[in-house]
Amino acid sequence: MDLLKKWSNNYIEAGCDEVGRGCLCGPVVAAAVILDDSFEQNLVNDSKKLNFKTRMDLDSYIKDNVKNFAIAELPPSFIDQHNILNASIHAMHNALDKLTLRPEFILVDGNKFHPYNFIPHQCVIKGDSKFLSIAAASILAKNYRDKLMIQLHEEHPEYGWNTNFGYATKKHQDALIKHGITKYHRRSFRLKYD
């Protein structure tokens with residue numbers, strides 16, 4: 001099924017999504033994307049449905065063919081202080097702040113969002129598999145975060161972040177038991193597995 005391009009033809013729309021909510025470590029990352037009317041890419045879909053190579057191949061295509069995009073991240077310390085839901089929404093707000101074109105309507109993946117600068121918004125459950133702008137945002141955010149976790153893996157290879165990207169895989173849990181936590185871990189999350 002083709003993803004929808006717009007919620008309404010009357011507004012400049014920004015699609016927003018975040019990644020990394022369920023991870024034990026690393027930042028939460030959000031992206032905002034304003035599509036160009038001529039944007040066509042049948043491969044763009046929910047980032048969770050695409051393999052690593054396809055997502056990475058789409059990265060530059062999306063960046064080169066949308067009207068505007070922005071990516072923002074918030075560190076584990078912010079997540080620990082404000083909880084992951086609020087951090088995710090705040091990261092989306094930060095991505096919207098970084099856009100150079102002001103949206104008139106915001107499409108948000110999920111069911112929770114805080115009002116942003118008096119701009120109307122619509123939450124869409126599984127929006128990244130329904131709207132092209134949200135799917136594009138999910139790809140940009142996931143690619144950004146995956147690349148970052150691969151870099152952090154060089155610092156702490158024992159956790160396997162180059163393959164689990166911070167999620168609670170058995171390897172990651174076993175490494176926590178053996179090596180303890182790093183400065184990149186979210187202390188408000190369940191990190192004890194012994």
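Predicted model: local features only at pLDDT ≥ 70, side-chain atom pairs only at ≥ 80, totals over all residues.
**Entry 1: ground rules**

I call a residue buried under 20% relative accessible area, exposed over 50%, and partly exposed in between (1.4 Å probe, protein chains only). Residues are numbered from 1 along each chain as its sequence is written, and side-chain values use heavy atoms, with hydrogens and water left out.

**Entry 2: salt bridges**

I looked for salt bridges, meaning a side-chain nitrogen of Lys or Arg within 4 Å of a carboxyl oxygen of Asp or Glu. How many did I get by this rule? The count is seven.

I started with Asp-146 and Arg-55, whose closest N and O atoms sit 2.9 Å apart. Asp-146 belongs to helix α4 (residues 132-155) and Arg-55 to helix α1 (residues 52-65), so this pair ties together parts that are 91 residues apart in sequence. My helices (H or I, at least four residues) and strands (E, at least two) are DSSP runs, numbered from the N terminus. Buried or exposed? I checked Asp-146 and Arg-55, and both are buried.

Asp-146 also makes a salt bridge with Lys-142, at 3.5 Å from N to O. These two both sit in helix α4, four residues apart, which is about one turn of the helix. Lys-142 is buried, and so is Asp-146. I noted that Arg-55, Lys-142 and Asp-146 are linked in a network of salt bridges.

Next I looked up Asp-174 and Lys-170, a salt bridge with its closest N and O atoms 2.7 Å apart. Both residues are in helix α6 (residues 170-179), again four residues apart, about one turn of the helix. Asp-174 has a relative accessible area of 36%, so I wrote it down as partly exposed. Lys-170 reaches 60% relative accessibility, so it counts as exposed.

**Entry 3: the cavity**

Rolling a probe the size of a water molecule over the atoms shows where empty space is left. I worked on a 1 Å grid over the protein atoms alone: a cavity is a set of points where a 1.4 Å probe fits but cannot get out, and a pocket is an open set with protein on both sides within 12 Å along at least five of seven lines; lining residues have an atom within 4 Å of a point. Grid points are joined across faces, edges and corners, and a volume is the space filled by probe spheres set on the points.

I found one cavity of 30 Å³ or more, and the largest cavity holds about 40 Å³ of space. Which residues line the largest cavity? They are Val-19, Gly-20, Cys-23, Lys-142, Arg-145, Asp-146, Phe-165 and Tyr-167. Helix α4 supplies the largest share of this lining, three residues.

The largest pocket has about 310 Å³ of space. It is lined by 21 residues, and Asp-17, Glu-18, Arg-21, Lys-48 and Asp-109 are the closest to its centre. I saw that α3 gives the most to this lining, with four residues. I sorted the lining into five nonpolar, seven polar and nine charged residues. For that I counted Ala, Val, Leu, Ile, Met, Phe, Trp, Tyr, Cys and Pro as nonpolar, Asp, Glu, Lys and Arg as charged, and the others, Gly among them, as polar.

The second largest pocket comes to about 160 Å³. Eleven residues line it, with Asp-2, Leu-3, Gln-41, Asn-42 and Leu-132 nearest its centre. Its lining splits into five nonpolar, three polar and three charged residues.

**Entry 4: nonpolar cores**

I took a nonpolar core as a set of buried Ala, Val, Leu, Ile, Met, Phe, Trp, Tyr and Cys residues joined through side-chain atoms within 4.5 Å. The largest has 38 residues, and among those touching the most other members are Val-28, Met-92 and Trp-161. Helix α3 gives the most to this core, seven residues. A second, separate core has 20 residues, including Val-33 and Ala-136.

Most residues other than glycine have a negative phi. Phe-118 has a positive phi of about 60° and sits in the loop between β4 (105-109) and β5 (121-124). Lys-126 has a phi near 55° and lies in the loop between β5 and α4. Phe-118 is exposed, at 88% relative accessibility, and Lys-126 is exposed as well, at 60%.
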